[in-house]
Amino acid sequence: MAAIAAKDEQAAPSGRKGGPLPLLALPLGWMLVFYLIPLALLLVHAFWSVDYLTIDRTFTLENIKAVFTVAPYPAVLIRTLLMAAAVTLTDIAIAFPISWWLAKKVTSHRELLLMLVVFPLWSSYLVRAFAWKTILGTNGILNSFLQTTGITSEPISAFLYSKTGMYITFCHVWLPFMILPLYTILDRLPDTLLEASGDLGGNGWKTFLRVILPLSLPGLLAGSVSVFSLTMGDYITPSLIGGSPGTELIGGIVADQFGVANNWPLGAALILPILAIVIGLLLVANRFGALGRDER
Amino acid sequence: MAVAKTQPGGRTAADPPSIELRRVRKSFGDFTAVAGVDLTVGQGEFLTLLGPSGCGKTTTLRMIGGFELPSSGEVLIEGAQMGNLPPYRRPVNTVFQNYALFPHLSVGKNVAYGLEMSGVPRGDRERRVREALDLVRLPNVENRRPSELSGGQQQRVALARALVNHPSVLLLDEPLGALDLKLRKAMQLELKHLNREVGATFVYVTHDQEEALTMSDRIAVMNEGRILQLGAPEEIYERPRSRFVADFIGQTNFIECDVLGPDGRFVACRTAGGETIRAIPAVEAPAGGTITVAVRPEKVSLDAEAPGGLSANWNRLTGTLTEVIYLGTHTQLVVALPGEGQIVVHRQNRMLGETEPSTGQQLTVAFDPASATVLAE
C-alpha cells in the first residue's frame, strides 16, 4: 500500500502554485495525521529495542543488523525479492498480449472486456485468495481436473501451502494492476507509428523492440511498480496459501513481529528494506514518466 | 539442362509501369471503399488521387503501400505482383498524414530507421541521413527530438525518412493538411521539385483541388470508390467529363439545355430561355435529350467586352445582373437567366477605376463554344 500512498504524495505538489493549497489542506492534513506521522512513529521503533513487555527508547542499530545477519531474515528478504520479481515478470508476459489485444485488436465490446479485467478488483482480495485455496488444495479443482483427465494419478500436494501456490495466486490477483496501465498506454500509441515502422522495413519483431516496447515503457514501469510492491508487502496470501505458517515471505514475518512476537522494533526494522526498495522503484519509475508526468 | 536466366540490364521501352492496379476492389464489411479501380502510373510520374473524404483515395493508396490488402484485383509495382506482401517487403515508402515520426527517437534516428532495418552499415547510414536532410533543406537537426520542431520541419523530416531509402514509389497521404496556407504552397512546389530530383514515382492523396492542379503530372478524380476521370491537370480542368468532376474542381456554370443536333464539331442545344448555344460533346448527346453544358466563369465575358471578330460565333446569353462581388483579382458577376438558372462571370480586374455594371440591368454575356463542355450526369 506504500506505493499508492507515495503516488498521492507525488501528485499533490504538482498542481499550480498557490491556488490549490486550501483545497488540498484537508487531504494533505489527513495524510499527515493518519499516514505519515504513524509511519514515522513506526519506523522510529526500528532504532529502539524491546525489554520484555516495554520498549527501551535508547538508540540502537541492533535490529537493523539483525535484519541482514540473523537467520532467517536475510534469506526471507531475498526470497521475497525473487518472488516479487518473478510475479512482476510473469504478469508483464501475461498482461502485454492481453493489453495489446484489448487496445489494438478488439473491435467490439471493448468496454465489456475491460470491465472483465477490472471486475475481480470489486471483490475482496481475501475472497480471491481463498478462492485459490479451493482451486489449489489436495481435493481442489485443479487436482480433480488433472486426475479426471488422467494427466496425474495422484493429487499433487505441492500446489497449496507452497511457494508455487503463492506465485500462482500473486500472478492472478495483481494482474489487473499490470493490464490497466499497459492498456492505457498501448491505446494511446498511434497505429500510424506501427505502420511507419512497417513501411520503413521493420517486421513485427523489430517494430516491437524499437517502437512498441520503448513507447510502452511508462505503462510497463507503472504496472511493475504496483505489482512488485504489492507482492513485496503482502502477508495475506503467504498466510493462506504459503507454507510454514505464512513466514516464507517478509510480509508474514513483519506481521508476526507486531501481532504475535510483540517485537515492534524488529518488525519496524524489517519494514525498512522493503520501504527503501519500493521508494527506489518509484524514483526510477518517475524518472521515466511512469507516474503521469508527460514525457513529450 | 536448364538455361540460366539473367535479369535484363537497363531500361527499355518495354519496362513495366511503376504501378499498375487491375480491377482493385476493397470492402470493409458491407461498405465498399474501392469499387474496381484500374490505374497505370508511369516511372517518375507525379500522380494525384483527388476526391472528397470517403471517396476511396486513401484506401487505394494504402493498398499500394500494403497497409490494406485488396478484396479482389491485383496490385503490381515495377511489374511484380504484390499479392499479400507486407509493407516492409515492398519497394515503397510512405509519408503519413500526421507525419508519424517516432517521438522517442531523435530526428537523425528517425531518418536512419529504414536504413538500420535494412542493415546499411553505420558510416553509410550517417552520410545518407545527412544527404536526405540536406535534400529537404533541413540540416543540423539530427540530434533534436521531433517534438522540438515546427509542423513544417516535422513534415520535412517525414519526407527525408521516406526518401532516404531510395524507394521507387513514394506514397503521400495528405501530407500538407496540417500546415498553414503559405507553408503549404511552398511545400507544394518543393515536393514537385523533389519528384524531379529523386526520380521516384509519387502518388499523392489530397482533397484539395488546387494542390492537385499545382503539383500533378496527372490527376485521378475519385468518388464513391471509382476513378471518374484521369488526365493532366489542364484536361481535368478544361474538359471535365462529369458534373461531379466539373463541380469538384474549380467553379463551374451548369446550363441545362435541350439538344437540337450536331453542328460541326459542336452540338447545338436550346436553353430554358430559348437561346441556342453550342458546346463540345465530350459525351453522347442524342437529339431530343436534355444535357448539361459546363463553362468556367473566367471563360465568360460581357458581350460588350468580348474580343471583336473572334467572338462572332460565340454563344450569347442575356439575363439580369443580380450580384456584383469584388474578389481582389477579379469581380464576380451573377446574371440570372430567363426561365431557370444563372451564369457566373469572372471579370479580371486589370485596371484601376473600371466601372462595374450595376445590378438590375439587362446584360448579355458571351463565351467560346470550344470552352463549353457537355457533361455526363
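I looked up helix 6 and helix 8 of chain A, and their crossing is right-handed. I keep in mind that this is a predicted model.

**Entry 1: helix 6 and helix 8, chain A**

Helix 6 covers residues 125–136 and helix 8 covers residues 163–188 of chain A. I read that their axes come within 10 Å. The crossing angle is roughly 135°.

Which residues make the contact? From helix 6 of chain A I listed Y125(A), R128(A), A129(A), W132(A) and L136(A). From helix 8 of chain A I listed G165(A), I168(A), T169(A) and V173(A). I then sorted the residues of this contact by class: six are nonpolar, two polar and one charged.

**Entry 2: helix 4 and helix 11, chain A**

Next I turned to helix 4 (residues 73–105) and helix 11 (residues 217–233) of chain A. Their axes come within 9 Å and cross at roughly 140°. These two helices of chain A are therefore oblique to each other. I noted a right-handed crossing for helix 4 and helix 11 of chain A.

Helix 4 of chain A brings T80(A), M83(A), A84(A), V87(A), T88(A), D91(A), I92(A) and A95(A) to the contact. Helix 11 of chain A brings L220(A), G223(A), S224(A), V227(A), F228(A), T231(A) and M232(A). By class, I found nine nonpolar, five polar and one charged residues where helix 4 meets helix 11 of chain A.

**Entry 3: chain A as a whole**

I stepped back to the whole chain. Chain A has 14 helices and two strands. Its C-alpha atoms fill a box of roughly 70 × 70 × 35 Å along the principal axes. Of the 296 residues in chain A, 34% are buried. I also checked contacts in chain A between residues at least 6 apart in sequence. Of these, 69% join residues at least 24 apart.

**Entry 4: a sheet in chain B**

In what order do the five strands of the open sheet in chain B lie? I read the order as 15-19-16-17-18, with antiparallel pairing. Strand 15 (301–302) and strand 18 (342–348) of chain B are the edge strands, and each pairs on one side only.

I followed one pair further. Strand 16 (residues 315–326) and strand 17 (residues 330–336) of chain B pair in the antiparallel sense over six bridges. Strands of a sheet pair through backbone hydrogen bonds. Opposite L321(B) I found V335(B), in strand 17 of chain B.

How values were computed:
Residues are numbered from 1 along each chain as its sequence is written. Chains are lettered from A and ligands numbered from 1 in the order in which they are written. This is a predicted model: local features need pLDDT of at least 70, side-chain atom pairs count only at pLDDT 80 or more; totals for chains, interfaces and linings use all residues. Two strands pair if DSSP finds at least two bridges between them. Helices (H or I, at least four residues) and strands (E, at least two) are DSSP runs, numbered from the N terminus. Axes are lines fitted to C-alpha atoms, for helices over the stretch in contact, and angles run from 0 to 180 degrees between N-to-C directions. Angles under 35 degrees count as roughly parallel, over 145 as roughly antiparallel, 65 to 115 as roughly perpendicular and the rest as oblique. A crossing is left-handed if the near helix is turned anticlockwise from the far one by less than a right angle, and right-handed if clockwise. Two residues are in contact if their C-beta atoms, placed from the backbone, lie within 7 Å. Ala, Val, Leu, Ile, Met, Phe, Trp, Tyr, Cys and Pro count as nonpolar, Asp, Glu, Lys and Arg as charged, and the others, Gly among them, as polar. A residue is buried if 20 or more other C-beta atoms lie within 10 Å of its own, exposed if 12 or fewer, and partly exposed in between; C-beta atoms are placed from the backbone.
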